[in-house]
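Colleague: Could you take me through this model, one part at a time? I would like to follow it on the screen.

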Amino acid sequence: MQGVILLVALIFIQILAACSKSDDLNLVRLTLYSKSECELIFKAENLSVVENFCNTEQKPIQIKMTGQEIRSDWIDEKTSRFLFQEGCAQADECFYELSTNDAGVRGRFSYRINLTEGEYSFEVDASGQPKVLSQSSRDVAS
């Protein structure tokens, strides 16, 4: 009986690992494309994220996909404003990785700004409601 339970547990762990890996395989990387006096724009083929810092009366985050657009409140306003003020150490050190589906967007934002690096994972549902799932940052040696 214990052998059967162990076998079922091992199969479950393998299925769980395969599912979590497949989520990462579907992520599309959006790199910092441009910065204006009001916006940061991250782009990849058929995907873009625009963070608007001037017109914040409406939802400041716009996620555009082929045939779909989601407007959202700030996902992590503190990090976005820090990036907007200070800039990335290099353009490829601040990026989104996104996966989309009918329910919305799921992804991660990674950054290196001055001597700080970090990331947060998040999801934004189709109605634009953001939720930070995890977050970390640390100072790096110069």
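**Strands, helix and disulfides**

Modeller: Let us begin with strand β1, residues 28-35, and strand β2, residues 39-44, which run antiparallel and are joined by four bridges. Please keep in mind that this is a predicted model.

Colleague: Which residue of β2 is the bridge partner of Lys35?

Modeller: The bridge partner of Lys35 is Leu40, which lies in β2.

Colleague: How many strands form the sheet, and in which order?

Modeller: Nine strands form an open sheet, and their order is β5-β4-β3-β2-β1-β6-β7-β8-β9, with antiparallel pairing. The edges are β5 (68-72) and β9 (130-139), each of which pairs on one side only. On average, neighbouring strands of this sheet are turned by 20° against each other, with direction ignored.

Colleague: And which helix packs on the sheet?

Modeller: Helix α2, residues 77-86, packs there. The strands that α2 touches are β1, β2, β3 (47-52), β6 (94-101), β7 (104-113), β8 (116-125) and β9. The direction of α2 makes about 45° with that of β7.

Colleague: Which residues in α2 are buried?

Modeller: Thr79, Ser80, Leu83 and Phe84 are buried in α2. They cover an arc of only 135° around the axis, so they lie on the same side of α2.

Colleague: Why do residues three or four places apart in an α-helix point the same way?

Modeller: An α-helix has 3.6 residues a turn, so residues at a spacing of three or four places point the same way.

Colleague: Which exposed residues are on the face turned away from the buried side of α2?

Modeller: That face of α2 carries Lys78 and Gln85, which are exposed. After α2 comes Gly87, with a positive phi near 80°.

Colleague: Let us go back to Ser80. Why does Ser80 count as buried?

Modeller: Ser80 has a relative accessibility of 4%. Buried means under 20%, so Ser80 counts as buried.

Colleague: Which side chain is joined to that of Ser80 by a polar contact?

Modeller: The side chain of Glu51 is the partner, and the polar contact is 3.1 Å. If we leave aside neighbours within four places in sequence, Ser80 is in contact with Leu40, Glu51, Phe53, Trp74 and Tyr120.

Colleague: A change of topic: how many disulfides are there?

Modeller: The count comes to two disulfides. One joins Cys38 to Cys54, with an S to S distance of 2.0 Å. The angle about the S-S bond of Cys38 and Cys54 is -85°, and the link is left-handed. This pair links distant parts of the chain, 16 residues apart: Cys38 is in the loop between β1 and β2, while Cys54 is in the loop between β3 and β4 (61-65).

Colleague: Why does Cys54 count as partly exposed?

Modeller: Cys54 counts as partly exposed because its relative accessibility is 47%, and that class lies between 20% and 50%.

Colleague: What about Cys88 and Cys94: how far apart are their sulfur atoms?

Modeller: The sulfur atoms of Cys88 and Cys94 are 1.9 Å apart, and the two residues form a disulfide. The torsion about their S-S bond is about -135°, so this disulfide is left-handed. Both Cys88 and Cys94 are buried. With the bonded cysteines numbered in sequence order, the pairing is 1-2, 3-4.

Colleague: Now to β4. How many of its residues are buried?

Modeller: Four of the five residues of β4 are buried, and the strand is mostly covered. β4 runs antiparallel to β3, and five bridges join the two. Ser48 has Lys64, in β4, as its bridge partner. Five bridges also pair β4 with β5 in the antiparallel sense, and here the bridge partner of Ile61 is Ser72 in β5.

Colleague: Which residue takes a positive phi in the hairpin of β4 and β5?

Modeller: Gly67 does, with a phi near 75°. This hairpin has two residues between its strands.

Colleague: Finally, the protein as a whole: what does its secondary structure come to?

Modeller: The protein has two helices and nine strands. From the N terminus on, the elements run α-β-β-β-β-β-α-β-β-β-β. Of its 142 residues, 35% count as buried. Among contacts with a separation of 6 or more, 39% are between residues 24 or more positions apart.

Methods. Residues numbered from 1 in each chain as written. Predicted model: local features only at pLDDT ≥ 70, side-chain atom pairs only at ≥ 80, totals over all residues. Heavy atoms only, no water. Pairing = 2+ DSSP bridges. Axes fitted to C-alpha atoms, helices over the stretch in contact; angles between N-to-C directions. Contact = heavy atoms within 4.5 Å. Buried < 20%, exposed > 50% of the residue type's maximum accessible area, 1.4 Å probe, protein only. Arc of directions from axis to C-beta. Disulfide = S-S within 2.5 Å. Polar contact = N/O pair within 3.5 Å; in protein donor to acceptor, adjacent residues only side chain to side chain.
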